[in-house]
Amino acid sequence: MSIELIIGILNIVLISTTPLVFAGIGELVTEKSGVLNLGLEGLMLVGAVTGFITLVITGNYFYSLFLSIISGVILSGIFAFLVLNLMTNQIATGLALTIFGIGLSAMLGKKFGGTPIDGLNPYYFIVISFLLVFFVAYFLSKTKTGLIVRAVGENHNSAYSLGYNVIKTRYLTIIFGGVMSSLAGYYISICYAPMWQEGMTAGRGWIALALVVFATWKPWRLLVGAYIFGGVAIMQMNLQAIGVKLPGQFFNMMPYLATIIVLVFISSNKLRLKLSAPSSLNIPFEKNQ
Amino acid sequence: MVFLIRVQLREDYSNLIFYLSPLVAVALTLFFGSFIFLILDLSPIESFKIFFISPISNSYGISELFVKATPLAIIALGLSYCFKNNIYNIGAEGQLTMGAIFGGGIGLLLNDSTSFFLLPTMILFGALGGAFWATIPAILKTKFNTNEILTSLMLTYVALFILDYFVVGPWKDPAGYGLPKSMPFPDAGRLPVLIDGLRVHIGVYFALIICLITYIIYNKTLFGFKLKVTGLSSKASQYAGFKYKNLIFYTFIISGACAGLAGLFEVSGPIGLLYRDISPNYGFTAIIVAFLGRLNPFGIILSSLLIALTYLGAEDAQLFLKIPSAVGFVFQGLVLFFLLGTDFLNKYKVFIK
């Protein structure tokens, strides 16, 4: 392999992994506060389509980015209202959000499939994604607000009795996660593709979800994990090209298998589980009990 | 003016409202759905007609309704065991796929068979395949305390890639112009249709039988009672000495077998061969069906028909209204949102001061 080829592959890995970093780091913060949002795929698709439509209509990158973010705020706000105020089941609500998002994005984008646009340079977003991981790692481990987020996620009853506003904290982390997913979608339709196609996120929302577990809820590991997952996907295509006979599907299922193995590893030991997973994850907070 | 909203757990928890709230959710979905049609510059009444009435206004449409409702009902009935037990198996899509691979694989291996026993063997292997795939999260949950939500979800994607491997690789039809699909199953491996010329098949009977068995299990057996107690309070169930780990196993295996059965019915019924997209999200949509049917066997039959209608309506809408068939997902998502939301009003009293 020549140097050019290696640099080329690294470049593709960098460009194709960034949406995983965005969606994953958002979900990590949401889960750190004790909420499991399975709606990533839906959020990404709606973020992708609103950004794309706005760009086609206005021709303005700032507006399109803004509206894409707003779509994430609205959708994740609805999710937050349901799971926090109405105390609905987080799994069912997240799935509803994904199914709804798949449908909504397809409807909104119907007239815009195949419309050509001038894509944005992906490198801005790549740099931002690294800064974001740094920021989240610092925020969660070194700031007081980050400590509150973790406290709420570990034991919401204790956090509540210490006087922290559990509901408000979770609203903010859910919306942060939602916006990050929208940005991931925006990146895919504006920088990576750049175009709109029904269901174009192609399951990246689920990989991002796996990634958070794979990273045992730690921001830096999430970054490493994202590049491992992204790298495996790209390697798969290139190995085929240079004639390796292993079926591509086995590479594609690696992220999911690896996540299951990590999950088994951390949960088989009670202490290890306590040290990695937020204890209140997926447990609704009922103030009046 | 400041509103103070206070909520309080209801003591007069109403079963009537519990069973009526799906209707409220459907009504709200239709109400909001009409806005979606208005935004798209379509007349809501005309659109609803195309969406919900015209698809079932002839015998072909009614047959298609049952074709779509059958897998949804079978999977959702299986899932109700898990959900009653507070076990979140959300990997039914993967278990369906495994059922199709196992059962369909038998059909492909014995491809020159004309035996009467081919179809029953395929059905058996379909159920086994689904059950096998569901045992993995069950073992991980009981042995290693691993969260079943994430493992069952991840295994879904693993199963989809395994199916993809088979239809692109070893099972690809040599005469299929290189398309990623298998040979058709032999006639002896095809599910008999109920009415000549229509696609509705004997899976409908299976769905009804599973529904009746489930009703009996839930209401007349100790196993059903254990599920109910465990679902209401896992502590009470422990004090009573019920073996929770066994319950997890049984509920996973039942739901996996049902999903596998549904997968086999799809490939040996309407589809007739194996290819990549054997299921339009049935495994995930069945979760909505189970919740909308309130985990009640008869309720699930009704909700499976309703959700099947959203699939048909979406196909017609694509044809006649020129809107993407994904509009069906919008309705499915909305109805689940509203159902979960209305449950709140049943569980809690709201005071506004």
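At 0% relative accessibility, A:Leu43 counts as buried. Keep in mind that this is a predicted model. You'll find A:Leu43 in helix α2 of chain A, the stretch that covers residues 40-58.

So what does A:Leu43 touch, once its neighbours within four places in sequence are left aside? The contacts are A:Asn37, A:Gly72, A:Leu75, A:Ser76, A:Leu97, A:Gly178, A:Ser181 and A:Ser182. There is also a distance to look at here: the C-alpha atoms of A:Leu43 and A:Ile74 are separated by 9.9 Å, and these two residues sit 31 places apart along the chain.

## Where the two chains meet

Now for the interface. On the chain A side, 44 residues are in contact with chain B, and 45 residues of chain B take part in return. The area buried between the two chains comes to about 4000 Å², with carbon and sulfur atoms giving 81% of that. Within chain A, the residues that lose the most area to chain B are A:Ile99, A:Met107 and A:Gln249, and together they account for 16% of what that side buries.

What about charges and polar pairs? Between chain A and chain B the count of salt bridges is zero.

Which elements of chain A give two or more residues to the side that touches chain B? They are α3 (61-85), α4 (90-108), α9 (204-214), α11 (248-252) and α12 (254-267). Helix α4(A) gives the most, with 13 residues. Sorted by type, the residues of this side of chain A divide into 28 nonpolar, 13 polar and three charged.

## Chain B as a whole

Chain B has 13 helices and two strands. Its radius of gyration is 21 Å, close to the 20 Å that the globule rule gives for 353 residues, so chain B is as compact as a globular protein of that length. Along its principal axes, the C-alpha trace of chain B spans about 75 × 60 × 35 Å.

Inside the chain, 57% of the 353 residues count as buried. Take the contacts in chain B between residues at least 6 apart in sequence: 78% of them join residues at least 24 apart.

## A threonine in helix α5 of chain B

B:Thr135 belongs to helix α5 of chain B, residues 118-144. Is B:Thr135 buried or exposed? It is buried, because its relative accessible area is 17% and the cut-off for buried is under 20%.

A polar atom of the B:Thr135 side chain lies 2.8 Å from the backbone oxygen of B:Ala131. Setting aside neighbours within four places in sequence, B:Thr135 is in contact with B:Phe249 and B:Ile253.

## Two loop residues with positive phi

A:Met87 has a phi near 50°, a positive value in a residue other than glycine. You'll find A:Met87 in the loop between α3 and α4 of chain A, and it counts as buried at 10% relative accessibility.

In chain B, B:Tyr177 has a positive phi of about 55°, although this residue is not a glycine. B:Tyr177 sits in the loop between α6 (148-168) and α7 (203-220) of chain B. With a relative accessible area of 80%, B:Tyr177 is exposed, whereas A:Met87 is buried.

Terms used: Residues numbered from 1 in each chain as written. Chains lettered and ligands numbered in written order. Predicted model: local features only at pLDDT ≥ 70, side-chain atom pairs only at ≥ 80, totals over all residues. Heavy atoms only, no water. Contact = heavy atoms within 4.5 Å. Buried area = accessible area lost by both parts, 1.4 Å probe. Salt bridge = Lys/Arg side-chain N within 4 Å of Asp/Glu carboxyl O. Helix = DSSP H or I, 4+ residues; strand = E, 2+ residues; numbered from the N terminus. Nonpolar A, V, L, I, M, F, W, Y, C, P; charged D, E, K, R; others polar. Buried < 20%, exposed > 50% of the residue type's maximum accessible area, 1.4 Å probe, protein only. Polar contact = N/O pair within 3.5 Å; in protein donor to acceptor, adjacent residues only side chain to side chain. Rg over C-alpha atoms; globule rule 2.2 N^0.38 Å.
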